[in-house]
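I opened my notebook for a slow walk through one protein model. I wanted to jot down each thing as I looked it up.

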Amino acid sequence: MNASTRWTLKTLPALCFFLLIFSGCSLATAADPLAADHGMVVSASKHASGAGIEIMQAGGNAFDAAATVGFVLAVTFPEAGNLGGGGFMVARKANGQNLSLDFREKAPARARRDMFLDWHGEADPELSLRSPLASGVPGTVDGLLSMWKDHGSGRISRHDLLAPAVRLAEDGFIVSAYLADAFNESASIFAKDPAAAKIFNRSDGRPWQEGDTLVQWDLARTLHLIAARGRDAFYTGSIASLIARQNSRSGGLITREDLETYNSVYRDPVIGNFRDYEIISMGPPSSGGVLLIQMLNMLQALGDWQLKDMRAAGSGWRAAYVHLLTEVQRRAYADRAQHLGDPEFWDGPISELTSLQYAEERAKSIRLDFRATPSSEVAAGIPLANESQETTHYSVVDAERNAVSVTVTLNGKFGSGIVIDGAGLLMNNEMDDFSSKPGVPNKYGVIGGEANAIEPGKRMLSSMTPTIAVQNGKSVMVLGSPGGATIITTVLQVFLNVAWRGMNIQDAVSAPRHHSQWLPDYIDYEEGALSASMRESLMDMGHTIAESTRVLGAANCILIDEEKIYGAPDPRRQSAAVGY
Ligand code: DON
C-alpha cells in the first residue's frame, strides 16, 4: 500500500472546507491522510473525534473510544448521531478476533405489515418518514454501552465514557457552518413538533449562523441518567417512560415493553476475500457486507483480462472499470431486493450469495463484448427516489491496533424530526427501511419484498457497511460511509481505490465516485468521476448516465501499515480526523 500523497488540482476546492473545520491534536492536510502512531478517530465531528482520542489518552481502547464518539455525535452531529436510532459495529481485535454488533432498531410489537398503506392501498411516505409511526425501537444506547462493557479496556468508567457528551450538551458547543445550514434547511420540519422546535429552531426566530452556540439541556439530563444508571435508565427507567408516554399520546407504537425487551445482538460478521485481503463486514439485517463481498467476488471471477481487452478495444481502462463495477452492482442489488432481511425472520441464502461459485455463475451473464445488460433483463424494474444525505460513519484504531468501524443513523436527516419532550432526543424514521409495500421503493429507491416486510419485533434491512480489511492477519483498513443505498458502492470503491488502483487512503476517499443499483437503470456520477471520453465510451456500451445532484457518501476511513495509522476524513461533508 502506498501512503504517499498524490494531489490533483481538481479535488482542491472540495477539500478546502475540511481544513477550516479542523482543530485537534494534529492536522491532516487536504492532500495527506493524517498520520499518527498511537490512535486515530475519523468522524463527522471534531468534538467527537477529539473526545475519542482523549479517551484513548486516558487509558481507554478503541472500543471505549468508539462508545464515547457515538455519544458525542448524538450531541454535536444530531442530523445522524443519535440516542434515538441505531447502527452497526464491525471490529477486529488486536488478537485477531472478529466481531459484529447489531444495534439496529426493531419494529415495535404492535407494528403491522400494512401500517404505512393509505385507504387506496398505496404506501404513504409521510407516515413512514415523518410521523410517530416512523420510529423503530432505538438500539444505539444498548449498542454503545455493549461495546464499552464487553470489549472496553475496563479502565474507563461509565461516567468518564459519557462525560464529554454531557459537557457538550450542557455547556453547549459552537455550531459549524455545515450544521447551521442543516438546521436551517430542516426548520420547517422542526416547526411541526414543539419539542424539536424548542431545541433546533432559534428562539429569536433568526436562522442559525456559524459561531452560534447550541445548548441541549434535556439531552444533557438524559446523558447524565445513562451515565448514572446505564442502559436501564433508557430502556426501563424514566427515559423509557418519557418515550412510551409520548408514543401513546401521539399515536406512535413504542411501548415500555418494546424498550424493556430491546437488545443489541452480536452476530457473525460476513467474511470474504479479494486478492490477499480478507474482508470483514456486516451481515443481515444489513445487506452491506453481503453485497460488498458478492461484488468483489464477481470482479475476481471476471479477472483482470477483461480490462486488458477493453483497453485493446480502445475505450480506455477507466471506462471499462466503471462498466464492470456497474454490471456487478446491477446483479448484486437485484439479489438484495429478493433475498435479504432480518435473519431472525428470514432465512436468506447468505453463504451462497457470498460464495465464489455463485459469483462465477452470476458473472457469466456479464457480456464479454462490453455491452451493458439492461436491468430489465436482470429482473423487473422500479424507479429510484431521491436519496438524502444522512447517517454517519466513524472509524477508530488504538495503539494495540484494535480496529472498530461504526455506522449509526436516524435514517433521514434528523430522523422523523420528532423529539421526545423532556428527554431531548430525536427519534429515528427507520421504519421506512422496511418495504412498506412489496415492489415500492423506499427513501433510497431500494425495493424489497417478503424478506423485508414489516413484522413485529423485526429489524429493517439496512445498507450500512462498516468494514475492516485484513492483510497477513492484520487490520489494514477501516471503512464505511453514510449514503443509503450508495453506502455499499462507496465502500466498494474506496477499498478498490487502495487495493486495486494503488491510491493512498486520502485519495481513495476523496476521488469522485459513481453509483448504480440495478434499478433505476443508470449510472449516477459525481462531478469529475467520468471524463467526456469515458462518458462517451459508457454510452457506446449501452449505459445510461446522469451527473449527480448530490455527493455520494462520506467515507471516514483509516489505513494502517507497519509504521503508522492514517486517517482520511471525507471532504464531501463535515468530518475530522484526530490522531495522537
Ligand atoms: O440503514 C440504511 O441503509 C439507511 N437507513 C441508511 C440511511 C442513510 O445512509 C442516509 N444517509 N445518507
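Here are my entries, from the whole protein down to one side chain.

**Entry 1: the overall look**

I reminded myself that this is a predicted model, so I checked the confidence before anything else. The average pLDDT of the protein is 90, and 90% of the residues score at least 70. Then I counted elements and got 22 helices and 21 strands. Of the 580 residues, 63% are buried. I also looked at contacts between residues at least 6 apart in sequence, and 74% of these join residues at least 24 apart. The protein exposes about 20,000 Å², with carbon and sulfur atoms supplying 51% of that area.

**Entry 2: where to be careful**

Which element has the lowest mean pLDDT, and which the highest? Helix H1, residues 12-21, comes out lowest with a mean of 27, while H3 is the highest at 99. I put a pencil mark beside both stretches.

**Entry 3: the seven-stranded sheet**

Next I traced an open sheet of 7 strands, and I wrote its order as S7-S4-S3-S11-S10-S2-S21, with antiparallel pairing. Which strands stand at the edges? They are S7 (265-267) and S21 (576-579). Each has a single partner strand, so one side of each is left without a neighbour in the sheet. From one strand to the next, the twist averages 15°.

I zoomed in on one pair. S3 (residues 86-92) and S4 (residues 98-103) are antiparallel and share 6 bridges. Met89 has Leu101 in S4 as its bridge partner.

Two helices that pack on this sheet went into my notes. H3 (residues 62-76) touches S2, S3, S4, S10 and S11, and its direction makes about 155° with that of S10. H5 (residues 140-151) touches S3, S4, S7, S10 and S11. The direction of H5 makes about 155° with that of S4.

**Entry 4: a hairpin**

I moved on to S14 (residues 467-471) and S15, which pair in the antiparallel sense over 5 bridges. Together they form a hairpin with 2 residues between them. In the turn, Asn472 has a positive phi of about 50°. Gln471 stands opposite Lys474 in S15.

S15 (residues 474-479) is mostly covered, as 5 of its 6 residues are buried. S15 is also joined to S19 (residues 557-560) by 2 bridges, and these two strands run antiparallel. There, Val478 has Ile558 in S19 as its bridge partner.

**Entry 5: one arginine**

Last, I picked Arg330, which sits in helix H16 (residues 317-339). Is Arg330 buried or exposed? Its relative accessible area is 2%, so it counts as buried, the cut-off being under 20%.

What does the side chain of Arg330 make polar contacts with? I found one of 2.8 Å to the side chain of Glu327 and one of 2.7 Å to the side chain of Asp521. Leaving out residues up to four places away in sequence, Arg330 touches several others, including Ala372, Pro374, Val378, Trp518 and His543. Asp521 is on that list too.

Notes:
Residues are numbered from 1 along each chain as its sequence is written. This is a predicted model: local features need pLDDT of at least 70, side-chain atom pairs count only at pLDDT 80 or more; totals for chains, interfaces and linings use all residues. Side-chain values use heavy atoms; hydrogens and water are left out. Two strands pair if DSSP finds at least two bridges between them. Helices (H or I, at least four residues) and strands (E, at least two) are DSSP runs, numbered from the N terminus. Axes are lines fitted to C-alpha atoms, for helices over the stretch in contact, and angles run from 0 to 180 degrees between N-to-C directions. Contact means heavy atoms within 4.5 Å. pLDDT is the predictor's confidence in each residue, from 0 to 100. Buried means under 20% relative accessible area, exposed over 50%, partly exposed in between (1.4 Å probe, protein chains only). A polar contact is a pair of N or O atoms within 3.5 Å; within protein, one must be able to donate a hydrogen and the other to accept it, and residues adjacent in sequence count only if both atoms are side-chain atoms. Accessible areas come from the Shrake-Rupley method with a 1.4 Å probe; for residues, only the protein chains shown count as cover.
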